[in-house]
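Biologist: Please take one part of this model and go through it closely, then relate that part to the rest. Give the cut-offs behind each term as you go.

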Amino acid sequence: MNSFWTVVGFTARNKFRGKAFLITTLIIAVILSIGVNLPYIISQFDKGGDKATNIGYIQSTNVEAAAGTATGDSLKAFYEQQENAKLKLIAYPDKGSSEENEKQLKQAIKDNDIKGYLEFGAMTPSGYPEMSYKSEKMMEFSLTENLTGALQLIRQATILQDAGLTDEQVAQLNAPINIAAVQISSAEGGRTPAEQGVNMGLIYFIIIFLFMAIITSGQLIASEITAEKSSRVMEILITSVSPLKGMFGKIFGMFTVVLSQVSFFIIVILANVSLPHNKDALAGLDIDLTKIDPLLLAYAIIFFLTGFFLFATLYAAVGSIVSRTEDLGQATMPMTIISLAGFYIAIFSLSAPDSMLVKVTSFIPLFSPFVMILRLGLTDVPFWEAALSIGLLLVTIYIAVYVSAKIYRTGVLMYGKRPSWKEIRKAMKAYKI
Amino acid sequence: MKPLVVEQVMKQYGEKTAVNNISFEVSEGEIYGLLGANGAGKTTTMRMVLGLIYPDGGSIKYNGKPYSNEQLSRLGYLPEERGLYPKIRVSDQIIYLSQLRGMSRKDADTNLKYWLERFEVPEYYNKRVEELSKGNQQKIQFIAAVNHRPSIIIMDEAFSGLDPVNVELLKSTVKELRDSGTSILFSTHRMEHVEELCRNITILHRSNTVVKGSIKEIKKQYPRERVILTTENDVTGLESISGVTGVKLQEYGYEIGIQNEAVGGEILRHAMAQSTVTRFEIKEPTLNEIFIKTVGDRHE
């Protein structure tokens, strides 16, 4: 056991000391801090930008343009009524000809008085004239949507008023209708939407966390083993410490590294979130960590650990087959694809957690850490199914550890000349792990 | 009980036999030479002794016991190629490797400092291996093999890449280890080192043992076929003596090939008749000659 901890300590210490590791960790921490504070930073910049966008139109006494002027006026009134309205209509006097009007409005854009202007045409059955919004920018969809929304409201209000409805009736028509979605279970009570939200968040977090941990540490474990092989330290190591201890010392060392790195990131995020200016944003999200189901948390930890160690073991095996670092990327590709597949099945099934694909893959060991936790969090899974999935995982881990340790031990043989399968089998039989 | 006994050990790679029934014993305080041309099976044999690869036949016993994890801490290994972490500091990795072989951190550190001092490079303690020259890396590699005080050390090409001064330094260290009772299995291509260090040797050729025994015994088996003769004046007619196979003129005088030792007397008498003889020696064959003879003869 002693030498196991020696390997763990050595692996972790060298990683922590490595400049590359420290620098990437710091860079990611900085990016995270910026990310968390981004809404606040943007809002700081936006203070001046809260000013409404000015839109011009022609206010004319001409009969032909009456409908257009009326529409413009009603929009102007509508936005003036609103607090913090995003748009503001500005009326310009009629200069007589459309050319002169256009010239006037274009000059206003040039002078930065308005961003664009509305032009009115012939009357349409909608009750409004034909309209076009002209500005120097392309694709002003959000602005035109805002305008149509406003016009719809104005029209609705006018019609309702004409119909002679009371204010109460109008309010009733406008009141929103809500349906609360409560997930129920045949066994116990149910989960309220808030609890579901927290569960969803936890699952999201666990799946991403697991995926990140697997990808980063798996690659590191494999490359460290390959580096040991190519620098031939492996020959000394393997004659110093039993392969199982050597391999698991490495995996466990890397596990502590990844865990402390991720913990550091979480602390950075939490520290940033708890800064005074971010308080409001957090409150708005309605996250109540006490609503996390403790059983789900326990499952999450189990699936995280089993998933991590299964993948880590397999990465270690891949690392010991390859003898040069250049070949490593290619060799770890299948593992990366498998973890990606598990990750995507889980992420894309967040909205359909009871599909057949999810049900089947939640029992397949390499996918189940991602997928089963999704099912457990979002649907009602019988206990035996969860137990079976964990059981299958554990059996697979046992086999993977056994085979990987053998490969790790035998991998030393595989320099240059390719050993035959028969030879590998014989060697694997011969060495104790 | 001998510390290391190798008996009828065989190793096959596919169809090819890498080592064929090799047997030898290494006593306490002995340096055993394992010689052979490139690809003769030396490294394979050493790897089997280390437990790095598994023999297909025969047995290897360490103090009478078969290979097991308990034996690991008694073994030291100096690989032919560099086997160190390039980017890790000397102190970190030597202490780590010693700890893996069951030594305490403190003892490992004390030993490392002793060895660095011994090799006159104490400033390497905090250096990374990749910063050192090849020869100095070899010193560190040597320390890695001996730092945990193993009772059996396997040295594959221990002195490669070293300058003559450092070769002497390491050679005297190896002798010290031998005198303190360590058993050393030693391979090299430098025959003069073998003659200086080893009591017994095995010469491998194409996976087979071709010569085996103590250097003295081996030399006795090979006829003395060379006479060194130095005289004050020139001597003529040496070629015509019956039994002389050839005469070479060297800086120091004549090097004469003979069929058997008896011819030596004839040469001496012949030379003394013509001049004053300052040096006369019937040379025993060098290991180099024996090696070339045994390995070279079978090359065809």
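Modeller: In chain B, the centres of domain 1 and domain 2, taken over C-alpha atoms, are 43 Å apart. Domain 1 of chain B covers 4-219 and domain 2 covers 223-283, with bounds from an automatic or database domain assignment. This is a predicted model, in which local features need pLDDT of at least 70 and side-chain atom pairs count only at pLDDT 80 or more, while totals for chains, interfaces and linings use all residues. Residues are numbered from 1 along each chain as its sequence is written, and chains are lettered from A and ligands numbered from 1 in the order in which they are written.

The C-alpha trace of chain B spans about 75 × 45 × 35 Å along its principal axes. Chain B has nine helices and 13 strands; these are DSSP runs (helices H or I, at least four residues; strands E, at least two), numbered from the N terminus. Of its 300 residues, 37% count as buried. A buried residue has 20 or more other C-beta atoms within 10 Å of its own, an exposed one 12 or fewer, and a partly exposed one falls in between, with C-beta atoms placed from the backbone. Among contacts in chain B with a separation of 6 or more, 69% join residues 24 or more positions apart; a contact requires C-beta atoms, placed from the backbone, within 7 Å.

Six bridges join S13(B) to strand S10 (residues 226-231) of chain B, and the two run antiparallel; pairing requires at least two bridges found by DSSP. Within this pair, Ile228(B) has Glu281(B) in S13(B) as its bridge partner.

The largest nonpolar core holds 76 residues, and those with the most contacts inside it include Tyr32(B), Ile153(B) and Ile184(B). Such a core is a set of buried Ala, Val, Leu, Ile, Met, Phe, Trp, Tyr and Cys residues joined through C-beta atoms within 7 Å. Beyond its neighbours within four places in sequence, Ile184(B) touches residues including Ile31(B), Tyr32(B), Ile153(B) and Val174(B). A second, separate core of 54 residues includes Leu210(A), Leu310(A), Phe311(A) and Phe343(A).

The contact between the chains takes 21 residues from chain A and 24 from chain B. On the side of chain A that touches chain B, the elements giving two or more residues are helix H1 (2-17), helix H8 (233-238) and helix H16 (421-430) of chain A. That side divides into ten nonpolar, eight polar and three charged residues; Ala, Val, Leu, Ile, Met, Phe, Trp, Tyr, Cys and Pro count as nonpolar, Asp, Glu, Lys and Arg as charged, and the others, Gly among them, as polar.

Chain A has 16 helices and six strands, and buried residues make up 30% of its 433 residues. Four of its strands form an open, mixed sheet in the order S2-S1-S3-S4. Strand S2 (87-93) and strand S4 (129-135) of chain A are at the edges with a single partner strand each, so one side of each has no neighbour in the sheet. The twist from one strand to the next averages 30°. Strand S1 (residues 53-59) of chain A is joined to S2(A) in parallel by seven bridges, and Ile58(A) stands opposite Tyr92(A) in S2(A). Helix H3 (residues 66-81) of chain A lies across S1, S2, S3 and S4 of chain A, at about 140° to S2(A); axes are lines fitted to C-alpha atoms, for helices over the stretch in contact, and angles run from 0 to 180 degrees between N-to-C directions.

Notes
Contact = placed C-beta atoms within 7 Å.
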